[in-house]
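Subject: Structure handover

Dear colleague,

Here is the structure for your files. My notes on what was found in it follow below.

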Amino acid sequence: MKVITLIKAARLRTLPLSVAGIITGSALAYRYDPSAFSWKIFAWALLTTILFQVLSNFANDYGDGVKGTDNEHRLGPQRALQSGAISRLQLKRVILITAGLSILSALILIYLAFGWENLLYIVIFFVLGLLCVAAAIKYTVGSSAYGYRGLGDLFVFVFFGLVSVVGSEFLYSQTLQWITFLPAISIGLLSVAVLNLNNMRDYENDQRSGKHTLVVKMGISLAKYYHYYLVVLAMLALLSFSVLRLQMRWELLYLLAFFPLVVHLLSVKRNNDLKLLDKELKVVALSTFLLSVLFFIGIYISK
């Protein structure tokens, strides 16, 4: 088993999107109370999220490979198990090791945020960590894999949006504010948009393989309209946050990330070749990452 094989299986191009929620939640924490912000918590939150994402990528490689969904008809990069570069047993071991590292990182993060005093918060976030591990693995692994039943969109919205943004903000402030849910909804919807693009690209192969994603259930025409709503509502959710809470105009710096998203929507509307949607995945993922970074920078400058 070569290191380069593991790096490819980890799918590093998915990592910027995975940390967008952490960056956004951390920005909100800094906005509400700069003194509560901690670079240690920020760094460990990023590492924990990256490990969860890599775990999910390894598990998806295994689940789709075992089920035969990754085959010669699949569009996009070839997967590790599909290519024969790694065996099932080797990939299983890698998944278990990554899951263990994820839990260890989560425990360190929880300790840095709450110490040993707040037992309730420790238990809640430890359970959330276990749920993240379970969600990462069960997306494609097992007979009850939720990604094969059209539930992937819901789980991505919850974990990449609500849990990531609201949870990371809570790590610093240990309070819940309803206004935090607007940026969380924005990041969640954009994350679902990336998954929707992936499922549109793989529509024909998923249909043949019995992977009943939401796109397979609704068809490409409706999936495109669904995609427009996801991206537009994401932009409106973040704009609503600014309308309700704007303090300095620098906080609107994230609007720059809207331009590639608008161009992307036009590209999807004109698309007649599903395999060309693969490059649009990168556009939305990097635009979401850019949006979160600009959101943080705008708030940091304003303070």
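**Thr 288 and helix α13**

Thr 288 has a relative accessible area of 0%, and because buried means under 20%, Thr 288 counts as buried. Please keep in mind that the model is predicted. Thr 288 sits in helix α13, which covers residues 278–302. Leaving aside residues up to four places away in sequence, the contacts of Thr 288 are Leu 17, Ala 20, Ile 187 and Leu 190.

Leu 291 also touches Ile 187 and Leu 190.

**Nonpolar core**

The largest nonpolar core has 92 residues. Leu 291 is one of the members that touch the most other members, along with Phe 42, Phe 58, Phe 114, Met 200 and Phe 295. The element that gives the most to this core is helix α8 (residues 181–201), with 11 residues.

**Aromatic pairs**

There are 23 aromatic pairs in the structure. One of them joins Phe 42 and Phe 296, with 6.0 Å from centre to centre and 55° between the planes, and this pair is tilted. Phe 42 belongs to helix α3 (residues 39–67) and Phe 296 to helix α13, so the pair ties together parts that are 254 residues apart in sequence. Both Phe 42 and Phe 296 are buried. Phe 42 and Phe 296 also belong to one aromatic cluster with Tyr 30, Phe 37, Trp 39, Tyr 172 and Tyr 300.

**Cavity**

How many cavities of 30 Å³ or more does a search of the whole structure find? The search finds one. The largest cavity holds about 40 Å³ of space. Its lining is made up of Phe 52, Ser 102, Ile 103, Ala 106, Phe 125, Phe 126, Gly 129, Leu 130 and Val 133. The elements that give two or more residues to this lining are α5 (88–114) and α6. Helix α6 gives the most, with five residues. By type, the lining of the largest cavity has seven nonpolar residues, two polar and no charged.

**Second largest pocket**

The volume of the second largest pocket is about 170 Å³. Two elements, α6 (119–138) and α7 (152–173), are those that give two or more residues to its lining. Which of the elements gives the most to the lining of the second largest pocket? That is α7, with five residues.

The residues that line the second largest pocket are Tyr 121, Ile 124, Phe 125, Leu 128, Leu 162, Val 163, Val 166, Gly 167, Phe 170, Leu 176 and Phe 181. They divide into 10 nonpolar, one polar and no charged. Phe 125 is listed in the lining of this pocket and also in that of the largest cavity.

**Gln 174**

One backbone detail is left. Gln 174 is not a glycine, yet Gln 174 has a positive phi of about 55°. Gln 174 is placed in the loop between α7 and α8.

Regards

Definitions and conventions:
Residues are numbered from 1 along each chain as its sequence is written. This is a predicted model: local features need pLDDT of at least 70, side-chain atom pairs count only at pLDDT 80 or more; totals for chains, interfaces and linings use all residues. Side-chain values use heavy atoms; hydrogens and water are left out. Helices (H or I, at least four residues) and strands (E, at least two) are DSSP runs, numbered from the N terminus. Buried means under 20% relative accessible area, exposed over 50%, partly exposed in between (1.4 Å probe, protein chains only). Contact means heavy atoms within 4.5 Å. On a 1 Å grid over the protein atoms alone, a cavity is a set of points where a 1.4 Å probe fits but cannot get out, and a pocket is an open set with protein on both sides within 12 Å along at least five of seven lines; lining residues have an atom within 4 Å of a point. Grid points are joined across faces, edges and corners, and a volume is the space filled by probe spheres set on the points. Ala, Val, Leu, Ile, Met, Phe, Trp, Tyr, Cys and Pro count as nonpolar, Asp, Glu, Lys and Arg as charged, and the others, Gly among them, as polar. A nonpolar core is a set of buried Ala, Val, Leu, Ile, Met, Phe, Trp, Tyr and Cys residues joined through side-chain atoms within 4.5 Å. Rings of Phe, Tyr and Trp (its six-membered ring) pair if their centres lie within 6.5 Å; planes under 30 degrees apart count as stacked, over 60 as edge-to-face and the rest as tilted.
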